[in-house]
Amino acid sequence: QVQLVESGGGSVQPGGSLRLSCVVSGPIWSFNTMAWYRQDPGKERELVASITGGGIRNTVGSVNGRFTISRDVAKNTMYLQMNSLKPEDTAVYYCNVDVSFFNGQRQIFWGQGTLVTVSS
């Protein structure tokens with residue numbers, strides 16, 4: 001059973017920083033893509049950043065230059081370093097992983113979400 005456990009959310013003032021973590025456990029053979037999404041109430045879930053199995057990183061839109069995605073392969077952990085936070089970054093942030101199993105099957109999993117609130 002694959003499990004994703006997120007942590008690091010919370011409340012911060014504009015201009016502040018937070019680091020989100022996503023620990024993945026289970027019988028995984030390899031990671032294809034790992035990503036962070038976010039969702040504001042009443043809006044669609046949107047991609048924030050992703051990192052491929054080969055380590056190629058991508059950040060999207062307004063978070064470019066402020067957010068950095070990274071991973072620790074040995075710890076099966078993904079991070080999202082968020083700097084210069086703005087009120088519009090307020091959302092529930094979700095960890096997303098696309099993994100392959102030893103039998104060759106491939107599946108996508110989601111974390112439970114962690115709330116980030118940016119407010120003065």
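A salt bridge is a side-chain nitrogen of Lys or Arg within 4 Å of a carboxyl oxygen of Asp or Glu. The legends below describe close-up views of a predicted model.

**Figure 1. Arg38 and Asp89 are joined by a salt bridge.** The closest N and O atoms of Arg38 and Asp89 are 3.0 Å apart. Arg38 belongs to strand 4, whereas Asp89 sits in the loop between strand 8 and strand 9, so the pair ties together parts that are 51 residues apart in sequence. Asp89 is buried, with a relative accessible area of 0%. Arg38 is also buried, its relative accessible area being 7%. In general, side chains of opposite charge can pair when their charged atoms come close.

**Figure 2. Arg38 also forms a salt bridge with Glu46.** Here the N to O distance between the side chains is 2.7 Å. Glu46 is partly exposed, with a relative accessible area of 36%, while Arg38 is buried.

**Figure 3. The side chains of Arg106 and Asp98 meet in a salt bridge.** The distance from N to O in this pair is 2.9 Å. Arg106 counts as exposed because its relative accessibility is 55% and the cut-off for exposed is over 50%. Asp98 counts as buried because its relative accessibility is 13% and the cut-off for buried is under 20%. The structure holds five salt bridges.

**Figure 4. The largest nonpolar core contains 30 residues.** The members that touch the most other members are Val24, Trp36, Leu80, Met82, Tyr93 and Val97. Two or more residues each come from strand 3 (18-25), strand 4 (30-39), strand 5 (46-52), strand 7 (67-72), strand 8 (77-82), strand 9 (91-100) and strand 11 (114-118). Strand 9 gives the most to this core, with five residues. In soluble globular proteins, nonpolar side chains tend to be buried together.

**Figure 5. Leu80 is shown with its contacts from other parts of the sequence.** When neighbours within four places in sequence are left aside, Leu80 is in contact with Leu18, Arg19, Leu20, Trp36, Val48, Ala49, Phe67, Thr68, Ile69 and Tyr93. Among these partners, Trp36 and Tyr93 are, like Leu80, among the core members that touch the most other members.

**Figure 6. Strand 9 is paired with strand 4, strand 10 and strand 11.** Nine of the 10 residues of strand 9 are buried, so this strand is largely enclosed by the rest of the structure. Strand 4 and strand 9 run antiparallel and are joined by nine bridges. In this pairing, Arg38 stands opposite Tyr93 in strand 9. Strand 11 also runs antiparallel to strand 9, with three bridges between them. Ala91 stands opposite Val116 in strand 11.

**Figure 7. Strand 9 and strand 10 form a hairpin.** Five residues lie between the two strands, and Gly104 in the turn has a positive phi of about 90°. Strand 10 consists of residues 106-110, and five bridges join it to strand 9 in an antiparallel arrangement. The bridge partner of Asn96 in strand 10 is Trp110.

**Figure 8. Leu85 is a buried residue in the loop between strand 8 and strand 9.** The relative accessible area of Leu85 is 2%. Not counting residues up to four places away in sequence, Leu85 touches Val12, Pro14, Gly15, Gly16, Ser17, Leu18, Arg66, Phe67 and Val118. By contrast, Ile28 lies 33 Å from Leu85 in space, C-alpha to C-alpha, and 57 residues from Leu85 in sequence.

**Figure 9. The structure holds one cavity of 30 Å³ or more.** Rolling a probe the size of a water molecule over the atoms shows where empty space is left. About 40 Å³ of space lies in the largest cavity. The lining of the largest cavity is formed by Phe31, Met34, Arg71, Asp72, Val73, Asn76 and Thr77. Strand 4 and strand 7 are the elements that give two or more residues to this lining.

Note on methods:
Residues are numbered from 1 along each chain as its sequence is written. This is a predicted model: local features need pLDDT of at least 70, side-chain atom pairs count only at pLDDT 80 or more; totals for chains, interfaces and linings use all residues. Side-chain values use heavy atoms; hydrogens and water are left out. A nonpolar core is a set of buried Ala, Val, Leu, Ile, Met, Phe, Trp, Tyr and Cys residues joined through side-chain atoms within 4.5 Å. Buried means under 20% relative accessible area, exposed over 50%, partly exposed in between (1.4 Å probe, protein chains only). Helices (H or I, at least four residues) and strands (E, at least two) are DSSP runs, numbered from the N terminus. Contact means heavy atoms within 4.5 Å. Two strands pair if DSSP finds at least two bridges between them. On a 1 Å grid over the protein atoms alone, a cavity is a set of points where a 1.4 Å probe fits but cannot get out, and a pocket is an open set with protein on both sides within 12 Å along at least five of seven lines; lining residues have an atom within 4 Å of a point. Grid points are joined across faces, edges and corners, and a volume is the space filled by probe spheres set on the points.
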